[in-house]
Amino acid sequence: TDLDSGDNARIRYSIVPPGVLHVHPDTGAITTAIVLDHEKKAEHDFIITATDHGSPAKSSTMNLKLVVKDTNDNAPQFSEKIYTFGTFENQPENTEIGTLAAYDADSAPYNVITYSLDQTFSDSAVFEIDSRTGKLVCRKMLDREMKAKYHLKVLASNEGYYLTGSTNVTIHVADKNDNPPNVTFPTDKNHTIQISTLTPVGSSIAQIE
């Protein structure tokens, strides 16, 4: 407002720094000049100047703070594109395999992450992941002789929202010396070797298998 009259009371508006907001010079209406991103910058500070058309012109300034509120526009991202873990066979149930970590660039409450296994992968039935911590455990004892490698897909989602990130996990099962040698010859049913009395000394007459 300006208590003068005529051009002495007619006001024009300006804003610094320019580029983020635009102020209409006659009405003072403030509009955005760019798409705002909370993750890039959550607060902006400006100086608004009101200048009359008098001669000489008089002006006043006021500070303006713009707070950009967050929206859930970022999906969770895992710290690794691919995870590779190893474990020994014959470990007890609920043995920890490893821990996965994801982050969300959004602010609360949009950054609360829930972990889960993609059930379309058949190997997911063998493992379990803690929905809060991302700790991966084995639900049963593994046998390397039966299967030496497992493949999983782990999901990270916003709880209550619907943006999801994912990563692939490979689990290698290392061997333990849990099998004795198995003699296939000679056996109880096949233990006889027939040779001629003319067989020379040092001849190969059989092979233990």
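The model is predicted, so local features need pLDDT of at least 70 and side-chain atom pairs count only at pLDDT 80 or more, while totals for chains, interfaces and linings use all residues. Residues are numbered from 1 along each chain as its sequence is written, and side-chain values use heavy atoms, with hydrogens and water left out.

Let us start with the largest pocket, which holds about 250 Å³ of space. On a 1 Å grid over the protein atoms alone, a pocket is an open set of points where a 1.4 Å probe fits, with protein on both sides within 12 Å along at least five of seven lines; lining residues have an atom within 4 Å of a point. The volume is the space filled by probe spheres set on the points, which are joined across faces, edges and corners. Of the 14 lining residues, Thr 1, Ile 11, Ala 50, Ser 59 and Ser 60 are the closest to the centre. Strands S1 (11–16), S4 (43–52) and S5 (59–67) each give at least two residues to this lining. Here strands are DSSP runs of E with at least two residues, numbered from the N terminus.

Next, look at how some strands pair, which requires that DSSP finds at least two bridges between them. Strand S12 (residues 135–138) runs antiparallel to strand S8 (residues 96–99), joined by 3 bridges. S12 is also joined to strand S11 (residues 127–129) by 3 bridges, again antiparallel. Val 137 in S12 stands opposite Glu 96, and Val 137 is also the bridge partner of Glu 128. S11 and S12 form a hairpin with 5 residues between them, and Gly 134 in the turn has a positive phi of about 80°.

Salt bridges come next: a side-chain nitrogen of Lys or Arg within 4 Å of a carboxyl oxygen of Asp or Glu. The structure holds 7 of these. One of them joins Asp 123 and Lys 147, with the closest N and O atoms 2.6 Å apart. This pair links distant parts of the chain, 24 residues apart: Asp 123 is in the loop between strand S10 (113–117) and S11, and Lys 147 is in the loop between S12 and strand S13 (149–158).

Finally, the backbone has a few details to find. A cis peptide bond, with omega about -5°, joins Val 16 and Pro 17; Pro 17 is in the loop between S1 and strand S2 (21–23). The bond from Ala 108 to Pro 109 is cis too, with omega near 5°.

Technical notes
Helix = DSSP H or I, 4+ residues; strand = E, 2+ residues; numbered from the N terminus.
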